[in-house]
Amino acid sequence: MLLGTHSPKLDDKGRVILPAKFREDLAGGIVVTRGQDRCLYVFSTAEFESVHERIRQAPLANKEARAFLRMFLSGASAEMPDSQNRITIPAHLRAYAGLGKELIVTGVGAHAEIWDAAAWNAYAEGHEDAFAELEEEVIPGLF
């Protein structure tokens with residue numbers, strides 16, 4: 001399970017070192033793709049295949065499903081961590097997420113997210129109060 005918040009840097013070649021706590025889960029290969037909120041989603045290859053199988057079940061007659069499928073899969077890039085546990089983030093994905101040198105990598109359970117540090121800080125600041133003050137069930141049966 002991918003958990004926690006980490007602050008790696010993006011190097012001049014568009015590479016990032018995977019957080020040590022994520023390496024075992026992601027050692028067999030990863031897929032990086034567009035995420036919502038202008039971040040990148042990082043899946044193990046096995047988890048991405050599972051997500052893809054669920055996406056394939058969406059009806060192609062549904063316009064929103066087709067749009068999601070196109071955006072999610074057209075941006076996907078399969079990567080293998082190198083001997084120094086770095087992955088390359090393709091230029092089109094760096095541009096999509098507005099990544100600079102300072103990054104935040106968050107573990108979100110079955111996947112990780114890569115954010116530009118300033119974008120993450122703004123997102124977190126804008127959502128912390130709402131999270132703390134939730135008064136209704138957001139995820140059924142959780143609390």
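Trainee: What volume does the largest cavity have?
Mentor: This is a predicted model, where local features need pLDDT of at least 70, side-chain atom pairs count only at pLDDT 80 or more, and totals for chains, interfaces and linings use all residues. Residues are numbered from 1 along each chain as its sequence is written, and side-chain values use heavy atoms, leaving out hydrogens and water. A cavity is a set of points on a 1 Å grid over the protein atoms alone where a 1.4 Å probe fits but cannot get out, and its volume is the space filled by probe spheres set on the points, joined across faces, edges and corners. For the largest cavity that comes to about 50 Å³.

Trainee: How many nonpolar residues are in its lining?
Mentor: Lining residues have an atom within 4 Å of a point, and here they include V16, I17, F22, L26, V42 and I114. The lining has no polar and no charged residues, and its nonpolar count is twelve.

Trainee: Which element gives the most to the lining of the second largest pocket?
Mentor: A pocket is an open set with protein on both sides within 12 Å along at least five of seven lines, and this one has a volume of about 260 Å³. Its lining includes T106, G107, V108, E113, W115, W120 and Y123. Elements giving two or more residues are β7 (103-109), β8 (112-116) and α5 (117-132). With three residues, the top contributor is β7.

Trainee: The structure holds eight aromatic pairs. Is the pair of F43 and F72 stacked, tilted or edge-to-face?
Mentor: Phe, Tyr and Trp rings (six-membered for Trp) pair if their centres lie within 6.5 Å; planes under 30 degrees apart are stacked, over 60 edge-to-face, the rest tilted. F43 and F72 have centres 6.1 Å apart and planes at 75°, so the pair is edge-to-face.

Trainee: How far apart are the end C-alpha atoms of α3?
Mentor: Helix α3 (residues 63-74) has twelve residues. The expected span is 1.5 Å times one less than the number of residues, so α3 should span 16 Å, and its end C-alpha atoms agree, at 16 Å.

Conventions: Helix = DSSP H or I, 4+ residues; strand = E, 2+ residues; numbered from the N terminus. Nonpolar A, V, L, I, M, F, W, Y, C, P; charged D, E, K, R; others polar.
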